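Hello,

Here is the structure I promised to pass on to you. Please have a look at it first, and then read my notes below.

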Amino acid sequence: MQVIRTVVELRSWSRRAHQAGQTVGLVPTMGALHEGHLSLVRAAKASCGAVAASIFVNPTQFGPNEDFALYPRTFEADCQLLEAEGVDVVFAPTAAEMYPSGAATFVEVAGLSNRLDGSSRPGHFRGVATVVAKLLIAAEPDRAFFGQKDAAQVAVLRRMVEDLGLPVELVVCPIVREPDGLAMSSRNRYLSAEERRQALVLSHAIQAAQRLAQVGERKTASLVEAAQQVFTTQPAVRVDYIAAVDWATLEPVEEVVSETLFAVAAYLGTTRLIDNFVLEPLG
């Protein structure tokens, strides 16, 4: 496995792979890898002849009071995991490589970037869209792989790719959960033992809404209420949002439509976690 530090090297690797007739896959990450990330790598390996994973803690997607300085950085362990999965290249640029001195260009998806997580984290999705656009331009992949857990991010990136006409397929892979149901996240390692126990309320809230939908409830207000009731069992957990939205627009919907996203976000101490599931109307 090769570790690449510059955009020029990454692009050269990708073009050689294409010239050899290979499909190129890209798995963008911020490191601190877990089974959720590795599931994306495996999906990429299953459909692409050449696979690159990026490890870059992107400063522009963190707010001034967020956890950029504390975000877990486990580069050596991450590389071992990626090599074991058969990744060909790890792209690990410096901040200066991704944002040269004097850089003044950002990518912003208007509207979508201010909904769900974007409402709670102003400027977050501008940073995400900018760094992913840079990674796609650098790697020139045929397919890029993302997790459904970051569903609002997926919506923003889908719109960005469509609006800019970028020649890449975004592949969205299912949420990977711990045995007790908690959605895997690099931020789970921030949690104390008590917070880890309390964090299960997110998946329990999701499950309550999902059970109601499965027996035919189409009114999203009822699904939100069911989730809210579950959150009341853990008063130490501060709810950020409980929402049922159209996954394409992130706009609220009153009844379940095609690809209705039911999403929750909450704080446990200073740690913010998210979870979701996708609903379809009854046939």
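Thr220 counts as buried, with a relative accessibility of 6% (buried means under 20% relative accessible area, exposed over 50%, and partly exposed in between, using a 1.4 Å probe and protein chains only). Before going on, a word on the source: this is a predicted model, where local features need pLDDT of at least 70, side-chain atom pairs count only at pLDDT 80 or more, and totals for chains, interfaces and linings use all residues. Residues are numbered from 1 along each chain as its sequence is written, and side-chain values use heavy atoms, with hydrogens and water left out.

Thr220 belongs to helix α9 (residues 220-231); helices (H or I, at least four residues) and strands (E, at least two) are DSSP runs, numbered from the N terminus. Leaving aside residues up to four places away in sequence, Thr220 touches Ala244, Val253, Glu254, Glu255 and Val256, where contact means heavy atoms within 4.5 Å. Val257 is 37 residues from Thr220 along the chain, and their C-alpha atoms are separated by 9.9 Å.

**Helix α6 and its two partners**

What packs against α6? Helix α1 (residues 7-19) does: its axis and that of α6 (residues 124-139) come within 7 Å and cross at roughly 50°. (Axes are lines fitted to C-alpha atoms, for helices over the stretch in contact, and angles run from 0 to 180 degrees between N-to-C directions.) That angle makes α1 oblique to α6; angles under 35 degrees count as roughly parallel, over 145 as roughly antiparallel, 65 to 115 as roughly perpendicular, and the rest as oblique. On the α1 side the contact is made by Val7, Leu10, Arg11 and Ser14, and on the α6 side by Ile137, Ala138 and Ala139. Sorted by class, this contact of α1 with α6 has 5 nonpolar, 1 polar and 1 charged residues (Ala, Val, Leu, Ile, Met, Phe, Trp, Tyr, Cys and Pro count as nonpolar, Asp, Glu, Lys and Arg as charged, and the others, Gly among them, as polar).

Helix α7 (residues 151-164) also packs against α6, at an angle of about 55° and with the axes 10 Å apart. The two helices α6 and α7 are therefore oblique to each other. Their crossing is right-handed; a crossing is left-handed if the near helix is turned anticlockwise from the far one by less than a right angle, and right-handed if clockwise. From α6, the contact uses Phe125, Val128, Ala129, Val132, Ala133 and Leu136, and from α7 it uses Ala152, Gln153, Val156, Leu157, Met160 and Val161. The residues of this contact of α6 with α7 divide into 11 nonpolar, 1 polar and no charged.

α6 is mostly covered, with 13 of its 16 residues buried. At 1.5 Å a residue, the 16 residues of α6 should span 22 Å, and its end C-alpha atoms are 23 Å apart, which agrees; the expected span is 1.5 Å times one less than the number of residues. After α6 comes Glu140, which has a positive phi near 45°.

**Helix α8**

The same check works for α8: its 22 residues should span 32 Å at 1.5 Å a residue, and the end C-alpha atoms are 32 Å apart, which agrees. Among the buried residues of α8 are Leu200, Val201, Leu202 and Ile206. The cover over the buried residues of α8 includes α9, β8 and β9 (271-279). Gly216 follows α8 and has a positive phi near 110°.

**Some loop residues**

Leu116 is in the loop between α4 (95-98) and α5 (117-120). Its phi is near 50°, a positive value in a residue other than glycine, and Leu116 counts as buried at 11% relative accessibility. Glu259, in the loop between β7 (238-246) and β8 (260-268), also has a positive phi, about 55°, although it is not a glycine. Glu259 is partly exposed, with a relative accessible area of 31%.

Finally, Arg189 sits in the loop between β6 (169-173) and α8 (193-214). Is Arg189 buried or partly exposed? With a relative accessible area of 46%, Arg189 is partly exposed. Not counting residues up to four places away in sequence, Arg189 touches Ala32, Leu33, Pro72 and Thr74.

Best wishes
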